[in-house]
Amino acid sequence: FGTLSGEDEGVFGWLAVNQLMLQAQKITPAQLGEVGALDLGGGSTQITFALPKGGSAVASAALPGGAVPVFTHSHLGFGNKQVLAALSSDEAASCLASGASASSEAAKRWELDAHSGSRPLTGRGDYARCSTAVSRVLAGLVDESQPPLEGREFVAMSLFYYGAHFAQLAGHLRTGAASISVRELRAAAGALCAEDGASLEARMAGADPLTPTEAIRWRCFDLTYAAALLTRYGFREDDSAVQFMGQIDGAEVVH
């Protein structure tokens, strides 16, 4: 028994995505392994994709057609919750829906008033300020060993998908699309941040089974971070290489 390493987590997620895509006949047996995987949890984020034969691989995966060299990296400390916790109280308020109060759990992350104790964190829904704050934290995510992404298709799962799915249901992101660009994510984030927190919660409470009511107020941050993280990974504004998926042909992608 043991705990999976971040690299193992990335490779297993990549294997799951490709196997499910094959079973759903979205790729052919000859294309098995060609779809990259992007995973985002609360504590870390992983990027995994196959490399050409002879590439400088981090891992090797045994597929029916033979061993495939794979690049994978787990960025510990750059999960959704970890990045949110790294923001100052002022920055966090910018990433919280306008007028909304932070949950008691979230409020404990910031020392808001050293003299009179904690006070509620009230959201301002300021997308520009939130984006700047997220970019500040992401400046620490550096991986010079990552190969370029050009020409590769990816599936984004877990918190990537949860945020995008909510934005679709809220009417800020097109539905039924094969892929979503960074530019579209940024626009959706800006629209979510601009909504009044109380109105958004009243409108969307119970509408998305993947978004508990207390998480609605933070979807402004979630989409802002997803867009910024994809940019940091090397995706361009109008790249159409990422599909946001929670299920493939009825089977859950999240591993």
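## Exercises on cavities and helix packing

The lining of the second largest cavity divides into five nonpolar, one polar and two charged residues (nonpolar: Ala, Val, Leu, Ile, Met, Phe, Trp, Tyr, Cys and Pro; charged: Asp, Glu, Lys and Arg; polar: the others, Gly among them). The model is predicted, so that local features need pLDDT of at least 70 and side-chain atom pairs count only at pLDDT 80 or more, while totals for chains, interfaces and linings use all residues. Residues are numbered from 1 along each chain as its sequence is written, and side-chain values use heavy atoms, with hydrogens and water left out.

**Exercise 1.** State which residues line the second largest cavity, and give its volume.

Solution. Step 1: the lining consists of I180, S181, V182, L230, F235, R236, D239 and V242 (a cavity is a set of points on a 1 Å grid over the protein atoms alone where a 1.4 Å probe fits but cannot get out; lining residues have an atom within 4 Å of a point). Step 2: the space in the second largest cavity is about 30 Å³.

**Exercise 2.** Describe the largest cavity and its lining.

Solution. Step 1: a search of the whole structure finds two cavities of 30 Å³ or more. Step 2: the largest cavity holds about 40 Å³ of space. Step 3: eleven residues line the largest cavity, and G10, A37, D39, Q46 and T48 lie nearest its centre. Step 4: α1 (6-23), β1 (35-40) and β2 (44-50) are the elements that give two or more residues to this lining. Step 5: by class, the lining of the largest cavity has five nonpolar, four polar and two charged residues.

**Exercise 3.** Classify the packing of helix α6 (residues 159-169) on helix α10 (residues 219-233).

Solution. Step 1: the angle is about 125 degrees and the axes are 9 Å apart. Step 2: α6 and α10 are therefore oblique to each other (under 35 degrees is roughly parallel, over 145 roughly antiparallel, 65 to 115 roughly perpendicular, the rest oblique). Step 3: F160, Y162, G163, A164, F166 and A167 of α6 meet R219, L223, A226, L229 and L230 of α10 (contact: heavy atoms within 4.5 Å). Step 4: this contact of α6 with α10 has nine nonpolar, one polar and one charged residues.

**Exercise 4.** Classify the packing of helix α5 (residues 127-138) on α10.

Solution. Step 1: α5 and α10 pack at about 45 degrees, with axes 9 Å apart. Step 2: that makes α5 oblique to α10. Step 3: Y127, C130, S131, V134 and L138 of α5 touch F221, T224, Y225, A228, L229 and R232 of α10. Step 4: the classes in the contact of α5 with α10 are eight nonpolar, two polar and one charged.

Methods
Axes fitted to C-alpha atoms, helices over the stretch in contact; angles between N-to-C directions. Helix = DSSP H or I, 4+ residues; strand = E, 2+ residues; numbered from the N terminus. 1 Å grid on protein atoms, 1.4 Å probe; cavity = no way out; pocket = protein on both sides within 12 Å on 5 of 7 lines; lining within 4 Å. Points joined across faces, edges and corners; volume = space filled by probe spheres on them.
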